[in-house]
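Dear colleague,

Please find below the structure that I am handing over to you. My notes on what was found in it follow directly after.

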Amino acid sequence: MILLSISASVSAVAAEPAPGGIGIRLLDIPASTKDDPRARTYIIDRLAPGSEINRRVQVENNTGAAQTIRLYAGAAHIDGGSFIGEDAGAHNDLTTWTVVGRPQIDLPAGGTAEVPVTIKVPSDAPESEQYGAVWAEVRSAADKAGVVQANRVGIRIYLSVGPGNGRPADFSITSLSPSRDQQGNPQLSALVTNTGGRALDVTGDLRLTAGPGGLSAGPFGIQNATTIAPGTSRNVIFTLPQELPNGPWTARITLKSGLLEREASASVTFPDAGPGEAVAPAADGAFPWLVPAIVVAALLAAALLTSFLLRRRRRRLSGPGMAASAAGKRAPGRRSADVTR
């Protein structure tokens, strides 16, 4: 029996040294994604069939004792808004394409080691998005009952396979739903739909303004990122202080995944208990009436200016100076004569 001491949603850990344990972090960042914060922590790429990538990871031993550390690629999947690393020994297409340069390393206390990781996509690979992780694992000796305790940390792999750049990542915020949980804490859920071609790790913050008596509150953050596969929707939930008044409030949320950022706002009122009424937000902080109003205002201003210029021209044409000038002119082709009566 193997008892794995990991959370089901833990998959990309140890961008910093892990105190009292082992750690793993990514050393290489592709130049094309250097500004993407997700690419600094996870292995994220799109590969055409028949191509490969090479990365380096650093493994650290902060346990205070020498350790033998296993390194391997494992399968993963997205479920319930979490990126879930499967049990050791679980495989998918990605694990068969991934080679960890050193399957096992011995590290003294405080020691580190760099390990190459290669992902080579076969020429007949289908177009898809694959999920996995590079794991660093230590195991204890078996106890009297034969139970072995294993602890592992890993780096997520998001690999899109296909020609070209593929569909870009994108998402929309469909609705905002106020509620209160069983402990009475107000919550605001944002329903997020992944409308792009890549998985998302959504984080963000919430600000409340125009509350009772002009109150404002926030920003409130999300404790853990919500992972959303392409073509699916998940609720991103903000939990707020219990003493927060019901409202109404103007709720404004900002959600991010890598370099993507979307905003939405709506008027919400938290119920006394249970779920409240879902509302459709103004996406990206836009107000639906704003653009038409600007167009109408511009047309009205142009009409008023044209009317003013026409009236001004008519006044100039009908003035005394123009009348005298017109009277003094002779009609073409006529001779003038002095008439004496």
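Asp35 is partly exposed, because its relative accessible area is 49%, where buried means under 20% relative accessible area, exposed over 50% and partly exposed in between (1.4 Å probe, protein chains only). Its place is the loop between strand E2 (22-26) and E3. Here helices (H or I, at least four residues) and strands (E, at least two) are DSSP runs, numbered from the N terminus.

**Basis of the model**

This is a predicted model in which local features need pLDDT of at least 70 and side-chain atom pairs count only at pLDDT 80 or more, while totals for chains, interfaces and linings use all residues. Residues are numbered from 1 along each chain as its sequence is written, and side-chain values use heavy atoms, with hydrogens and water left out.

**The chain as a whole**

The secondary structure of the protein chain comes to three helices and 21 strands. The protein chain has 341 residues, of which 39% count as buried. Contact means heavy atoms within 4.5 Å. Among contacts between residues at least 6 apart in sequence, 71% join residues at least 24 apart.

Val279 is partly exposed, at a relative accessible area of 23%. From C-alpha to C-alpha, Val279 and Ser175 are 5.6 Å apart in space, yet 104 residues apart in sequence. Leaving aside neighbours within four places in sequence, Val279 is in contact with Ser175, Leu176, Ala266, Ser267 and Val268.

**The nonpolar cores**

In soluble globular proteins, nonpolar side chains tend to be buried together. A nonpolar core is a set of buried Ala, Val, Leu, Ile, Met, Phe, Trp, Tyr and Cys residues joined through side-chain atoms within 4.5 Å. Which residues have the most contacts inside the largest nonpolar core? They are Val59 and Leu159, in a core of 29 residues. Strand E11 (residues 148-161) gives the most to this core, with five residues. Apart from this core lies another, of 27 residues, among them Ile173, Val192, Phe220 and Leu244. Not counting residues up to four places away in sequence, Val59 touches several residues, including Ile24, Ile69, Leu71, Ile105 and Ala136.

Glu60 is found in strand E4 (residues 52-61). Is Glu60 buried or exposed? Glu60 counts as buried, because its relative accessibility is 6%. Its side chain makes a polar contact with the side chain of Gln58 (3.0 Å). A polar contact is a pair of N or O atoms within 3.5 Å; within protein, one must be able to donate a hydrogen and the other to accept it, and residues adjacent in sequence count only if both atoms are side-chain atoms.

Gln130, in strand E10 (residues 128-139), counts as buried at 10% relative accessibility. The side chains of Gln130 and Ser128 make a polar contact (3.2 Å). Neighbours within four places in sequence aside, Gln130 is in contact with Asn92, Asp93, Leu94, Trp97, Ile157, Tyr158 and Leu159.

**The largest pocket**

On a 1 Å grid over the protein atoms alone, a pocket is an open set of points where a 1.4 Å probe fits, with protein on both sides within 12 Å along at least five of seven lines; lining residues have an atom within 4 Å of a point. The largest pocket holds about 530 Å³ of space, a volume being the space filled by probe spheres set on the grid points, which are joined across faces, edges and corners. Of its 22 lining residues, Thr33, Asp36, Ile44, Ala169 and Arg198 lie nearest its centre. Strand E3 (residues 43-47) gives the most to the lining, with three residues.

**Backbone details**

A cis peptide bond joins Gly218 and Pro219, with omega about 10°, and Pro219 is in strand E15 (residues 217-221). Another cis peptide bond joins Gly247 and Pro248, with omega about 10°. Pro248 lies in the loop between strand E17 (233-239) and strand E18 (249-257).

With kind regards
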